[in-house]
Structures are given as C-alpha cells and as structure tokens.
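Student: I would like to know how the labels used for a structure follow from its numbers. Can we go through some of them in turn?

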Amino acid sequence: MRTQVGIVGAGPAGLLLSHLLHLEGIESVVIEARSRAEIESTIRAGVLEQGTVDLLVEVGVGERMRREGAVHRGINLRFSGETHRIDLHELTGGKAITVYAQHEVIKDLVAARIATGGALLFEVSEVTLHDVETRTPRIRFRHEGGQREIACDFIAGCDGFHGVCRSAIPQERRTDYQHVYPFGWFGILAEAPRSTEELIYTRHERGFALVSTRSPELQRLYFQCDPRDDEDRWSDERIWEEFRARLEGKDGFRLAEGPIVQKGIVAMRSFVIDPMRHGRLFLAGDAAHIVPPTGAKGMNLAIADVDVLAGAIDRLLRAGDETGLDAYSATCAQRVWRVQHFSWWMTSMLHRYDDRDPFQQRLQFAQLNQVASSHAFQTALAENYVGLPIRRQALAENVKRRPEVKVRRNYGTGAA
C-alpha cells in the first residue's frame, strides 16, 4: 500500500487527523490493533472543551454531539461540607464544556471516515516502523493473516501511551518527563439518575471524589484510592458508603445510588516526551503526553495536537513550506506544558497526600478557600477548564470554499 500519511491508532487523535487531512485532499490510511466494535464500546470519560466542540462542529462531525451531549456552564468545588459553584460561562465570556463520552466521539469519526471512503484497517498486529529518518518511511504489520506494508510520506503515531510509535524514537534522541502520583482513582459506572446537573469536585479528609454523569440513566463517579488496591475487595455497599462519607455536608446533599455495572482502578501519572517528532514520525495524543484526569484534558490535548499536525502537513504539500512541521513539537509543547500545569494544580489542590504534615494540609484548604472566594482565581480556573483556543491552521477557508475536496498533492515518493 502507498499513501501520503500513515496513521497508527484509531482513537480520537488518529481518526480526527485522517478526517482533517481528507478535507484538505490528503490521503491517509489508519491502522488499529483493536476491532471497530471494541473502540466504539469501550466506555471512557469525555469532557470536551469549547474549542474541541467548535472544531468538531466546523469539520462536520459534531451534529450528534450537539444533539446528545450535555452542555455544562459551571462546575462545583465541594469541601468542608459545602459546595461552591464556578460559573464557567460567565467567567469566560460565554464558553462552556460539553459532556460527551470519548467512545461516542470515536463512533462519529469512524462513521465520517467510512462515509467518505477512508481507509481504516482494524485488528492489525505486529506493527513496526521503518526508515522514519528518511523521506519514505514505512509501516509493517499483519492483517487478516498476511504481512502488509504501507509506504508513506509521514507517519503519525496516535497509538497511545503503550503503543509502538513512541519507542521508535531512540532513547538518546528524546527526553522523557514523568511524575507518578501516589494515588489512583476508583471509578464506577452506576445505573442511577443524576445527582447533579454539573460536575462536583470534592476534597474530603478521606480523599478526593468526583461526581460526574454520562446520561440520564448512567452515572460515572470516582474516589481517590491506593493504586495497588484490588477492586474485587470493594462490594457495592462499601463503595456507596465511601461516597456517602466523602460527600456528606451541612447542606444535606444526597447521592443517587443504583446498581454498579462497571468498576476499575486508574493509576495517575503525568508524562511528556520531548521532542514529539523524529524524522518523518510525529507523535500525537497519549503517545506523546499523559495528564492526570483531574483537569479533563487528555482527549482535548490530543485533538489540539492533530489540528496543528494537519495544518503543518497541508502547508508543506500545498506550498512546500516545512516551517510548520519543523515547529510542530515546539508549537504543541506550549499547550502541553500549560495543560500539564493546570492538571497538576487541580490534582494537588483536591487530593489527600498522606505524606503532607498538618501545616501543608491547612495550606491546601486555604488554597481551596481562596479559589472559592476570589474572582481572579475562579477566572483562571475557568479559562483553563473550558480550554485554550484551538487555532485552525489552514482548514477553515478550504472547508468553506471546497467542502468536497478532490485535490491531490505529491511529496517525495510517497504519494499514491
């Protein structure tokens, strides 16, 4: 096979990149180790920033999201038994977040690629990258019992933290920045009505808790736990008892409870690789960086990466200008590190650290009180939570001018 961009990974980053490239008339092939059914059914959180929502709508894959997603104009901080609402909408000049699960975003993107004849290969194995330092990189893999190879101009590594693409960058050519948190999240999906219309972030002496929502009938909740704990040790009643304890307060808040249909423990880490490029290999999303889920930034950061990458590839193929690709890693890093800081700040403010002395714990509550009472601190939180702007690189005018792009650009020897 021969194409212009070979994309490893059919998560939100890989699928959206393929769609953006299609709108610019650039060919791509997406390969994925899992089946289509698996990627479309694996339930994951989904808090979409304003910029992410606007981008998905702009490129024609946001209709169902706008119809079924839940728009939240605020979030709640709860501590010392009281709830303090942060009005995202007012503090950011009308912006908001949309709760729409990641697997639903994937469904929309897969449907869009299939509708336009996009090349998607599922259930591939034994993926290896070759000649990434040349102008003709190749991807080898097994598919449907046979050995396959894609020759291309560029490779986009969108295969997540445990994928093969990051390891294709030699250790001596990269720097890995990592911080492992001493706690994890115990997450559940429960068949229960909504307890709240907006997310509740709770700091309690027993540890953090998050009340979220997925649908009118299905709720997602988390509480801080030991990452080495065993989920099988937690009965449904013990889980609800823990949530009751952490959410108790003077206002009489009560959590809606119901049968727990899924539970699991998520470890917490921060990770960044620098650079995000090696030769003709470009990393995006979780392959390049991981953030703790407290700030709800993972999928949004991946989408911002591929927006930059699609624009840079288009600029090269359209005008022979490589400056965008040369600056790809540095451009993404500005957002990545700002998001890392926000996610670390939210995590540090809301979680219990067993190694902190009483003085440090009082400082933590002092910070929470300052956020709850200060317009300036609330504005800073709100601006980061609804997300930094996504600056469309080159696509907006092309979508308006040529909604059905048929242009083909050649580069090197990888053009089809």
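Student: Why is Trp240 called buried?

Tutor: The model is a predicted one, and in it Trp240 has a relative accessibility of 4%. Buried means under 20% relative accessible area, so Trp240 counts as buried.

Student: What makes Phe243 buried or exposed?

Tutor: Its relative accessible area is 0%. That value is under 20%, so Phe243 is buried.

Student: Where do Trp240 and Phe243 lie in the chain?

Tutor: Both are in helix α7, residues 236-247. Because they are 3 residues apart there, about one helical turn separates them.

Student: Why are Trp240 and Phe243 called a tilted aromatic pair?

Tutor: The ring centres of Trp240 and Phe243 are 6.0 Å apart, and the cut-off for a pair is 6.5 Å. The planes make an angle of 45°. Stacked needs under 30 degrees and edge-to-face over 60, so 45° is tilted.

Student: What makes the pair of Phe282 and Tyr328 edge-to-face?

Tutor: The angle between their planes is 80°, and over 60 degrees counts as edge-to-face. The centres of Phe282 and Tyr328 are 5.7 Å apart, which is within 6.5 Å, so the two rings pair.

Student: Which parts does this pair of Phe282 and Tyr328 tie together?

Tutor: Phe282 belongs to strand β19 (residues 281-283) and Tyr328 to helix α10 (residues 328-350), so the pair ties together parts 46 residues apart in sequence. Phe282 is buried at 0% relative accessibility, and Tyr328 is buried with a relative accessible area of 0%.

Student: How do you know that the charged end of Lys297 sits over the ring of Tyr385?

Tutor: The charged end of Lys297 is 5.7 Å from the ring centre of Tyr385, and the distance cut-off is 6 Å. Arg238 lies over the face of Trp234, at 3.6 Å from the ring centre. Tyr385 also belongs to a cluster linked by ring pairs, together with Trp185, Tyr201, Phe208 and Tyr222.

Student: Why are β9 and β11 called edge strands?

Tutor: The open sheet has 3 strands in the order β9-β10-β11. Each of β9 (125-130) and β11 (146-151) pairs on one side only, and they are the edge strands.

Student: How do you know that β10 pairs with β9 and with β11?

Tutor: A pair needs at least two bridges. There are 4 bridges between β9 and β10, and β10 and β11 have 6, so both count as paired. Arg138 stands opposite Ala151 in β11, and the bridge partner of His143 in β11 is Gly146.

Note on methods. Residues are numbered from 1 along each chain as its sequence is written. This is a predicted model: local features need pLDDT of at least 70, side-chain atom pairs count only at pLDDT 80 or more; totals for chains, interfaces and linings use all residues. Side-chain values use heavy atoms; hydrogens and water are left out. Helices (H or I, at least four residues) and strands (E, at least two) are DSSP runs, numbered from the N terminus. Buried means under 20% relative accessible area, exposed over 50%, partly exposed in between (1.4 Å probe, protein chains only). A charge sits over a ring if NZ of Lys or CZ of Arg is within 6 Å of the ring centre and within 35 degrees of the ring normal.
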